[in-house]
Amino acid sequence: MGDTQTLRLYNTLTRTKEVFTPIDPQNVRMYVCGPTVYDYAHIGNARPVIVFDLLFRLLRHLYGESHVTYARNITDVDDKINARAVRDFPGLELNEAIRRVTETTANQYQKDTKALGALEPTYQPRATDNIPQMQSLITSLIGSQHAYEAAGEVLFAVDSMPDYGKLSGRNLEDNVAGARIAVEAHKRNPADFVLWKQSNDSEPGWPSPWGRGRPGWHIECSAMSERYLGQVFDIHAGGLDLIFPHHENEIAQSRCAHGTHTMANYWLHNGFLQVEGQKMSKSLGNFITIHDLLETDKFGGRKWPGEVLRLAMLMTHYRQPIDFTVSRLEQAEALLDKWYRSVDDEPATSPYRLIVEELCDDLNVGNASAIFSVLGSQLAENNLTATGYGNEALPARGVFRATANLMGLLQLSLEEWGRQRHGVHEVEDEKIERAISARLTALNTRDFATADAIRTELLTQGVQLMDYKDEDGQRATKWEMKR
Ligand code: AMP
Ligand code: ZN
């Protein structure tokens with residue numbers, strides 16, 4: 001790898017931009033704190049998804065696709081979830097109600113992140129599948145005097161860790177002086193935080209040496225990151241609201257349980273997102289979910305494609321605040337439209353060198369997109385070669401396409417794009433699928449006249465059918481838009 005590919009990342013732990021050196025280049029490991037699944041993800045939650053997907057893609061480009069492991073957890077045990085379950089499913093038994101809430105929300109999250117063009121992380125562990133791992137961490141923390149039991153809780157003793165507070169730059173005096181932590185008599189230090197708490201009969205719980213109970217939030221990530229990435233790994237990321245207390249406490253738990261100097265070497269935090277100049281909140285009426293943007297006309301009076309949301313997010317550097325507005329979305333859409341006109345089916349070759357260099361500079365997406373735009377314009381003027389990696393001249397469209405893949409832009413196939421944006425064919429996928437299944441029924445009942453009529457009708461709308469046999473040898477049909 002040449003010098004030009006040196007990746008630099010801003011590390012919250014040292015407050016400097018550092019050269020990224022993985023512990024093991026054969027297995028670069030990244031953990032991102034995922035959602036608490038009690039409600040649909042809002043557009044602020046989309047930011048870490050998109051930003052760290054870009055980093056995941058860049059790491060895969062630099063180290064090889066099979067040499068990067070990305071874990072993003074799903075927090076499916078949390079008091080907010082319990083409250084939602086009781087509110088939404090009053091008639092159901094609590095565990096069943098909780099299962100409904102977490103299942104619906106987690107499924108929606110998968111749909112949302114897919115629509116945003118994010119690759120699936122290597123692992124998406126759920127807290128409820130990792131309770132024994134959490135309990136074993138807690139046991140070792142108690143054994144080494146870093147935790148104690150009091151009033152039905154197991155608490156982490158912050159005084160047992162001399163450099164507690166290093167990530168956030170807080171010291172314990174600040175915490176007490178800030179007086180935001182209620183003084184609770186059972187705590188040795190008011191900053192001590194919960195690892196385990198007992199549950200009453202109307203709360204979810206698991207048997208444990210400390211009574212039937214449930215884990216605190218922070219211990220979930222310590223347990224899941226260890227299980228999937230090891231005791232010390234490369235990158236730990238999330239929004240900047242997580243620096244304190246969540247990440248600080250994860251570090252305390254993991255380091256004290258394992259006797260390590262660090263939990264992760266690089267700590268990355270995305271900036272916050274506001275909507276139309278204001279903090280997003282339900283009371284202000286500007287609380288907007290990813291699903292709202294994709295599927296309803298609540299924002300700007302129309303639906304927005306996932307890739308437009310993605311680009312609108314990436315137009316600002318990930319550590320800067322974002323003001324999310326309709327005009328930002330319109331701008332992103334116009335840019336995408338322009339880029340689509342530059343690309344065609346040229347196979348992807350190798351991404352544009354200058355863009356990779358910009359991304360390697362702490363994900364400088366602003367410069368990268370500017371260069372991408374220039375490359376797009378040159379393409380539109382029929383420039384036939386561009387410089388990919390190793391300075392070799394490559395077919396420009398292939399370089400453009402490879403670069404788009406690297407950035408996760410231009411998700412749609414060109415046919416789909418043509419249909420959606422140019423209104424060439426006003427046929428909806430669902431209608432096509434329905435017609436195809438009617439035709440398959442006709443074929444299976446040997447009603448060839450009907451089957452042929454459906455095929456002809458679709459063809460007049462520009463939809464070309466292709467029959468094939470699926471894995472089970474059953475007749476099946478694919479379709480594409482005829483150009
Ligand atoms: P939560 O489910 O609240 O823990 O949030 C999931 C992720 O979204 C975390 O990484 C948060 O830091 C991040 N996040 C929440 N709100 C915002 C926001 N308004 N802007 C950017 N990131 C956010
Ligand atoms: Zn976490």
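Biologist: How are the donor residues of the zinc ion (ligand 2) spaced in sequence?

Modeller: In this predicted model, the spacing is C-x187-C-x24-H-x3-E. Cys33 lies in the loop between β3 (28-32) and α1 (46-63), and His246 lies in helix α7 (residues 243-258), 213 residues apart. Helices (H or I, at least four residues) and strands (E, at least two) are DSSP runs, numbered from the N terminus.

Biologist: What makes an atom a donor?

Modeller: Donors are N, O and S atoms within 2.8 Å of the metal (3.2 Å for Na, K and Ca); water is not among the atoms, so sites may look incomplete. Cys33 (SG), Cys221 (SG), His246 (NE2) and Glu250 (OE) coordinate the zinc ion (ligand 2) at 2.0 to 2.3 Å.

Biologist: Why is the arrangement around the zinc ion (ligand 2) called irregular?

Modeller: The four donor atoms subtend angles of 76 to 129°, which makes the arrangement irregular. Four donors count as tetrahedral if all angles lie between 85 and 135 degrees; four count as square planar and six as octahedral if opposite donors are over 155 degrees apart and all others between 65 and 115; anything else is irregular.

Biologist: Why are α2 and α3 called roughly perpendicular?

Modeller: The axes of α2 (residues 79-88) and α3 (residues 94-115) cross at roughly 105°. Angles under 35 degrees count as roughly parallel, over 145 as roughly antiparallel, 65 to 115 as roughly perpendicular and the rest as oblique; α2 and α3 are therefore roughly perpendicular. Axes are lines fitted to C-alpha atoms, for helices over the stretch in contact, and angles run from 0 to 180 degrees between N-to-C directions. Contact means heavy atoms within 4.5 Å.

Biologist: How are the values to be read?

Modeller: Residues are numbered from 1 along each chain as written, while chains are lettered from A and ligands numbered from 1 in the order written. Local features need pLDDT of at least 70, side-chain atom pairs count only at pLDDT 80 or more, and totals for chains, interfaces and linings use all residues; side-chain values use heavy atoms, leaving out hydrogens and water.
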